[in-house]
Amino acid sequence: MTSPELLERLREVVGEEGLVTEPAQLDGYLSDWRGAYRGTAAAVVRPASTEEVAAVVRICSGDGVAVVPQGGNTGLCGGAVPDASGRQVVLSLERMRRVRAVDPVNQTITVEAGVVLQAVQEAAAAQGCLFPLSLGSEGSCTIGGNLSTNAGGTAVLRYGTMRDLALGLEVVLPDGRIWHGLRGLRKDNTGYDLKHLFIGAEGTLGVVTAAVLKLFPAVRSRATAWVALPSVRAAVELFGIVRALCGDRLTGFELMSRQSVEFVLRHGAGARDLFGAPHPWYVLVELGDTLPEAGLGGLLESALAEAFEREVAGDAVVASGSAQVDALWALREGISEAQNFEGPSLKHDVTVPVSSIADFVERTDRALREAVPGIRIVVYGHIGDGNLHYNLSKPEDGDDDAFRRRADELGRIVYDSTSSFDGSISAEHGLGQSKRELVADYKDALELDLMRGIKQLLDPRGLMNPGKVLPG
Ligand code: FAD
Ligand code: 2HG
Ligand code: ZN
């Protein structure tokens, strides 16, 4: 139970600035970015150092009070939102925003968990390096949240997910002990690699307070194209053509259905269509190289020429200049927000093997259209990783509540189809509270058992972000 006395002890640790209890100030911490989840909390604690985080966690643990770690609150599964009891404490990392070190020789950067992703990209760039994680939410999401969700985004194809980009972690464990694992080593085979337990744990095993992340040589030339395609099968074929020709220079390969792009054209400021007529599918292809004059434009045009010859592509534009590159990315990155203007957006972030994507989309679309005639299927995503955002909007003249009531039924259609192609029901957003129960139906019982064992080992009293990830 939270008591005035507990709040007083927390205040002693974090000071006046570090404790929020006023309802008006609490509000922003109690719901997520898109307003899909809402909870309430006894307080928000904003520690400014690892030692303060440890002291806060120790105090809460001593009183049996649950802690909900929170970064930028951009997560899409309700993982950072407290429950409705009013007894949980939100632990925001927003005051831990220090870049502790940049080591261009070791190609690493050491940052605190509350540093915003874009600030890490900028700190790396200032040293002539690249930190490659790239998400639509990069202006708000934090490194702690990126690690805890094992974030993916639009450059996974070339650089991997957050799991691939982390070398070391500093973590406050549920009992308040600090694990000093901030090693910047690319080789370290001294037993189990514990950092991987905390990456993707969505705050259920401890609070990440800092990390050592990998840097890469800066990208000095880029080529970007927007390609219109008749089908998903054609998009997969184009992926094969570009990958075979461009190899590691392929950094992004994003698929969008016409419906997805139409939402951005309708709601995105300044968005405009590139071709005279609509096409069923589009792909945004991006190449990057460390050489300033790498001839990427010519390379991309050769790939597109082959695609036209094989009748894979319907139309294509290679961006000329950075303004057009930005406009193409805005069309892609604007989909998530644009869909919010069209009523409830039922999100399904799934992966299947790239070789199955076309059959998967055909079969799933058919089943959804049979269930809800006129349903607007907003499919887009990181097709090069096999990751689609299979999002759904109500029919044009549909009713919000009636559509929301069918969310579970429609989710089942998408997830059963995903599962029949040996896919995953969460590719990059995590489980949070939204898929916590569902995962029991789609994940191997032994895997879930092992996960419960790890939770029991690290957090036997279940006080670290309860009600998230693990089925009840
Ligand atoms: P939060 O939302 O605050 O928290 C997410 C989870 O991590 C919660 O469970 C929370 O408890 C836990 N957590 C946060 N900080 C810590 C910490 N320090 N220690 C322990 N646990 C912690 N995601 C992708 O993967 N790819 C995308 O392309 C992508 N694009 C997006 C685009 C938009 C417009 C939006 C709104 C979201 C997008 N996301 C994407 C989802 C989201 O941005 C990511 O999941 C991001 O990593 C969350 O970071 P955050 O700091 O906002 O975390
Ligand atoms: C993206 O790729 C994000 O744009 C968000 O992962 C997806 O909002 C979504 O469903
Ligand atoms: Zn995504």
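This report describes a sheet, a helix that crosses it, and the surroundings of a ligand in a predicted model.

**The sheet**

An open sheet is built from 7 strands, which follow one another in the order E15-E12-E14-E13-E17-E18-E16 with antiparallel pairing. Strand E15 (315–318) and strand E16 (349–351) each have a single partner strand and stand at the edges, so one side of each is left without a neighbour in the sheet. On average, and with direction ignored, neighbouring strands of this sheet are turned by 15° against each other.

**The ligand shell**

Ligand 1 is surrounded by 38 residues, and the closest of these are Gly 71, Gly 75, Gly 79, Gly 144 and Gly 145. The elements that give two or more residues to this shell are listed below.

| Element | Residues |
|---|---|
| Strand E3 | 67–70 |
| Helix H5 | 143–148 |
| Strand E10 | 207–214 |
| Helix H13 | 335–339 |

Helix H5 supplies the largest share of the shell around ligand 1, with 4 residues. By residue class, the shell around ligand 1 divides into 22 polar, 12 nonpolar and 4 charged residues.

Note on methods
Residues numbered from 1 in each chain as written. Chains lettered and ligands numbered in written order. Predicted model: local features only at pLDDT ≥ 70, side-chain atom pairs only at ≥ 80, totals over all residues. Pairing = 2+ DSSP bridges. Axes fitted to C-alpha atoms, helices over the stretch in contact; angles between N-to-C directions. Near = placed C-beta within 6 Å. Nonpolar A, V, L, I, M, F, W, Y, C, P; charged D, E, K, R; others polar.
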